[in-house]
Amino acid sequence: MNVFISLPMHGHSEEEIQNTLNSAKIALREDFKGLDVTFLDCTDKIDSRGKNEGLEGLGEAIKRMADADVVAFAPGWALSEGCQVEHDIAVRWDIKHIYL
């Protein structure tokens with residue numbers, strides 16, 4: 001099962017992002033105990049070539065979401081423009097989604 005983790009990143013330190021991601025993975029491993037879970041996320045740095053690095057990152061996130069069986073939204077997602085777009089996509093494309 002592929003699980004995409006949507007989490008707020010803009011304005012957060014790398015340490016905060018990693019802490020949120022690790023907490024999400026712990027919770028999801030418990031939720032999907034016994035299943036073979038692969039986590040998909042966009043916390044790795046991309047080689048930005050465009051004018052808007054955030055938009056480029058969102059595009060990469062959407063590509064990774066395409067492989068997701070489930071999208072998990074980390075706390076604070078509703079305050080993040082990127083996460084809101086990811087949420088809209090999950091709803092419109094009928095991708096199962098959960099809230100952590």
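Which residue in β2 is the bridge partner of Phe4?

1. The bridge partner of Phe4 in β2 is Leu40. Strands such as this one, with at least two residues (E), and helices, with at least four residues (H or I), are DSSP runs numbered from the N terminus. Before going further, please keep in mind that this is a predicted model, in which local features need pLDDT of at least 70 and side-chain atom pairs count only at pLDDT 80 or more, while totals for chains, interfaces and linings use all residues. Residues are numbered from 1 along each chain as its sequence is written, and side-chain values use heavy atoms, with hydrogens and water left out.

2. Strand β1 pairs in the parallel sense with β2 (residues 38-40) over 3 bridges, and it also pairs in the parallel sense with β3 over 4 bridges, where two strands are said to pair if DSSP finds at least two bridges between them. On the β3 side, Ile5 stands opposite Ala72. Of the 5 residues of β1, 4 are buried, so this strand is largely enclosed by the rest of the structure; buried means under 20% relative accessible area, exposed means over 50%, and partly exposed lies in between (1.4 Å probe, protein chains only).

3. From β1 the chain crosses through α1 to β2, and this β-α-β crossover is right-handed, a term used if the path from the first strand over the helix to the second runs clockwise with the strands pointing away from the viewer. In the loop between α1 and β2 we find Leu35, which counts as partly exposed because its relative accessibility is 49%. Leu35 and Met1 are 34 residues apart in sequence, yet their C-alpha atoms are 7.2 Å apart in space.

4. Helix α1 has 18 residues and reaches 25 Å from its first C-alpha to its last, close to the 26 Å expected at 1.5 Å a residue, the expected span being 1.5 Å times one less than the number of residues. Its residues Ile17, Leu21, Ala24, Lys25 and Leu28 are buried, and they cover an arc of only 105° around the axis, which puts them on the same side of α1; the arc is that of the directions from the helix axis to the C-beta atoms. The face turned away from this buried side carries the exposed residues Glu15 and Ile26.

5. The largest nonpolar core has 14 residues, and Val3, Ile5, Leu7, Leu28, Phe32, Phe39 and Ile98 are those with the most contacts inside it. Such a core is a set of buried Ala, Val, Leu, Ile, Met, Phe, Trp, Tyr and Cys residues joined through side-chain atoms within 4.5 Å. The largest share of this core, 4 residues, comes from α1. Leaving aside neighbours within four places in sequence, Leu28 is in contact (heavy atoms within 4.5 Å) with Val3, Ile5, Phe39, Ala72, Ile98 and Leu100.

6. Helix α2 (residues 53-65) has the buried residues Leu58, Ala61 and Met65, and these fall within an arc of 60° seen down the axis, so they line one face of the helix. On the other side of α2, Glu53 and Lys63 are exposed. What covers the buried residues of α2 includes β1, β3 and α3.

7. Lastly, Asp94 lies in the loop between α3 (81-92) and β4 and has a positive phi of about 55° although it is not a glycine. Asp94 counts as exposed, because its relative accessibility is 69%.
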